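Good morning, and thank you for the time.

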Amino acid sequence: MPAATPDSVRSTPVLQTTASIHSMASIQTVDASQGGHTHFDESVLKKSQLSKKSRKRKSQATANLYGTRYDVVHAVVEQAGMQVSKEDDPKCYLIWSDSFVQNERIAELKSYQRINHFPGMGEICRKDCLARNISKMSRKRPEEFNFTPRTWIFPAEYCTFQTYTKELRKRKKQKTFIVKPANGAMGNGISLYRNGEKIPQNEHIIVQEYMDKPFLLDGYKFDLRVYVLVTSCDPLRVFLYQDGLVRMGTEKYHSPTDGNIDELCMHLTNYSVNKHNENFQKDEDVSKGSKRSIRYLNNFLTKNGYDVPLLWFNIQNLIMKTLIVAEPHMLHAYRMCRAGNHAGNESVCFEVLGFDIFLDKKLKPWVFEVNRSPSFGTDEKIDYDIKSGLLGDAIKLMNIRVSDKRKSISAERAEAERRLLGPTKRPEHHSSTSKDDRVDRQRKIAIDKRKEELKQYLNMIRMDRKREEYENRHMGGFRRIFPTENKSQQAQWTQLLDDAFQVFLSGRAPALQKDMSRAYSQYKEAEILDMIEQCEEDGVSLTAALAPRGPKVNCALPSSSATGVRGSARQKHDDWVSRFKRLSSMPTADVPQASGEETEDTGDEAMWEKNSPPTSPNIRRRQLSNGPPQRSRPTSSFAHRLSSETREQRSTSRPLSSNQLGKQSTGSHPVVQRTRSLTRPLSATKRIITNHSKETSNVKSEREEELTKRTLSALSDMRIKFPGKTDEEADTVLDAIEGNWKYHKPRIASYWLVKLDSIKRRKVIDIVRMNIRALLQRVWHLNDVDNLALYRIFCRVFNRLLWSHGQGLWNCFSTSQCSWETIFSKSTDVISPMEMSCCRRIVQLCRQCLLIVYQFAAETKNAVAPEPVKTRTYPGNEPPKYTTWNNGNGAIAQRMVRAGHPLGQAQQP
């Protein structure tokens, strides 16, 4: 029996691997002296346990917390199942830092890594930058950006502030001002002033009006620390945490006076300031103490009859508007750091922001400041409960997976192979060099580029859908506020984003604005698929029209049999019919059949046999009778956009059959038929496509002509506004200048050609340019008018007016010279009379704009000399002449020169 044991074991199926059997054999040793008892080698056990731990570490994502000092961050990361690195490892999946991160470090990150800061976020996290950017947006949209106290940035705006304090003193009003360091934090360096004249001038500080009528809680002033998570800026995705901290003062609040102005624990709510006060209370109950939760505040307001949903709707609005101010800066900086990444890819950056929200006595929220590194200290239980939940939900929303590293490396390797081993693009050599073929090839290249953009957009939509599905499952205590499902609110914020790009980028980086408008558009996946299919159809039609011609077939060779030719032709007809169905996307039954005795077969194939076989001799006759096919010239982007509409409105009329054409062209005489090559292009197809192109181009030209007419009408109604005056008063000013043109001409010439530099001259023209751009967007219903043919014509006019340091516009004031019209007379482009009328109106608006700017500057600086007295008579009925000089005190003096005395002989008094 013992001898049979090995055989029985050997015959038994073994499920374990050889490696596992060897490992078990190495662990177990049998000692015969101890009756066959098994002993274990402890060293081998330790090695196996270490190998299991190493495998477990490899299956975990790693986190680099070397830059943070908060214990709650370490605890939450470990609870999320991540391995905390003991060193400053730059290759970890998660990198957390309490301080600012250099852009170079963000640029070096791999696609699977995440870091907790965005580049460019300092534009709203520094107090001076926040005040400056909000001020710029408030000039554009004053009704939307009025949620911050009035602020002055020292020392740049010191004079403006002193003027404001003098006006207050004249009106016998007194206000309190709060002074903060421009880049301070934790309440350091904050002080209050009752007299604005005592505020130092040369320090880098900001000065704000003190909000002296706060909403009180148990008699104490308080503010809210609201936590916001930004997971992406390309495109923007924002989440609001539904809990936070209510930070209260430690002294009962009273309006600021000279006696209590120095009691910071009454007027400031910073935890770092109030924690040193003896009245500061710590309590485990969230409804007591000097630090409470936002959930408690919501319950308190609800019990006292306040509208809590309205309050949080307003808070959500001002948070989004603040982030909209930062978005152009963030996106530009992020694209610079992550060059080459497509829009919609997973963001390597995220950020937890702390908004300090103040509530006045009417419960209106105000933004005081934004913290890019809010404190995660946990001195109390309420701190740990709120901040641990916040961090845990934020890390879940990041969706950090171990497999991302492997996928990222594989994608980089595939991209490198495609770039290094892929085929090299060489210029294509075509046998046909006609102008029409070159135009068609350029159109095909544009269609292919458009198709690639649509595919990228489709991929972005699908990724956004997957991302939203994951976020909806793992949102926790967060609530997504952008993008939102409320269509009206989404449209409002999208419009504010467009305005922010125009204000802060001012024409720079147009690709960013185009990507943003596309990212926030309301296209659905089915619509994008339809657009891609449309591009493919257009590409196929151009490919058919550009089919290369082969060598001609020798028609003198005898054919084998008529049936063989008939059968091969029939097969080509079938292929041609299916091909045309694919091109035209219309049923072939819409094409009229040939009339006469030859029409015996009622099917589609018989109809196409008689109308369009490549070997039919009737095609040549039909082509000769109709002339060569005409190709539509390239149209503007708006006309190209109408192609999908005209495709659906295509006429059902088709070319006449060969018999009908023969009857019309020759009457009763027979038509001489000519043989042709089998390899000639399909003229029937080209004729149908050409006729369709003609119809499409006619519809486009009529539409463009109508819109151009509307544009001219709108330009005729446009007026240049004079600041502080009505349109009638502005017209009076223009009439006065033109009526006394001999007096104003040298002064306007000096102002425009000498005093203004190139930048200021361009700004004057931009006044008209921006209004024209907005007018075209409204009339043509286009967001991007850069590709519009009419706008390109206008841009040529604007550039010509700035030609030769502004000489182009100045020549327009002369009746003998109109230099801007030469750009069209010397060009091969055809300009319609209506387009030329639009250009003339634009030049007239630019002239009026210059006159109004000149008059406004003259009235502001009191630089315009008085008009000469017209009641006096002068020898020879000549108007008086003036000479101008500097009197040495910075003022301008004038003196009338008598008739007969040259100007050069005038003497200074």
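Arg247 counts as buried, at 10% relative accessibility; buried here means under 20% relative accessible area, exposed means over 50%, and partly exposed lies in between, with a 1.4 Å probe and protein chains only. What I am showing is a predicted model, in which local features need pLDDT of at least 70 and side-chain atom pairs count only at pLDDT 80 or more, while totals for chains, interfaces and linings use all residues. Residues are numbered from 1 along each chain as its sequence is written, and side-chain values use heavy atoms, with hydrogens and water left out.

With which residue does Arg247 form a salt bridge? The partner is Asp223, and the closest N and O atoms are 2.9 Å apart. By a salt bridge I mean a side-chain nitrogen of Lys or Arg within 4 Å of a carboxyl oxygen of Asp or Glu. Asp223 is likewise buried, at 5% relative accessibility. This pair links distant parts of the chain, 24 residues apart: Arg247 belongs to strand 14 (residues 245-248) and Asp223 to strand 12 (residues 220-233). Helices (H or I, at least four residues) and strands (E, at least two) are DSSP runs, numbered from the N terminus. Through shared partners, salt bridges join Asp223, Arg225, Arg247 and Asp356 into one network.

I now turn to a sheet. Strands of a sheet pair through backbone hydrogen bonds, either parallel or antiparallel. In this model, 4 strands form an open sheet in the order 7-10-8-9, with antiparallel pairing. Its edge strands are strand 7 and strand 9, each of which pairs on one side only. From one strand to the next, the twist averages 25°, where axes are lines fitted to C-alpha atoms, for helices over the stretch in contact, and angles run from 0 to 180 degrees between N-to-C directions.

Strand 8 (residues 177-181) is largely enclosed by the rest of the structure, because 4 of its 5 residues are buried. Two strands are said to pair if DSSP finds at least two bridges between them. Strand 8 is joined to strand 9 (residues 191-193) by 3 bridges, and to strand 10 (residues 205-209) by 5 bridges. Ile178 has Leu192 as its bridge partner in strand 9 and stands opposite Gln208 in strand 10. Pro181 stands opposite Ile205 in strand 10.

On a 1 Å grid over the protein atoms alone, a cavity is a set of points where a 1.4 Å probe fits but cannot get out; a pocket is an open set with protein on both sides within 12 Å along at least five of seven lines; and lining residues have an atom within 4 Å of a point. How many cavities of 30 Å³ or more does the search of the whole structure find? The search finds 7. The largest cavity holds about 240 Å³ of space, a volume being the space filled by probe spheres set on the points, with grid points joined across faces, edges and corners. Of the 18 residues that line the largest cavity, Ile178, Lys180, Leu268, Asn270 and Phe368 lie nearest its centre. Strand 8, strand 10, strand 12 and strand 17 each supply at least two residues of this lining.

Finally, the second largest pocket has a volume of about 1300 Å³. It is lined by 41 residues, and those closest to its centre are Ser111, Arg114, Asn345, Glu346 and Met463. Helix 14 (403-421) gives the most to this lining, with 8 residues.
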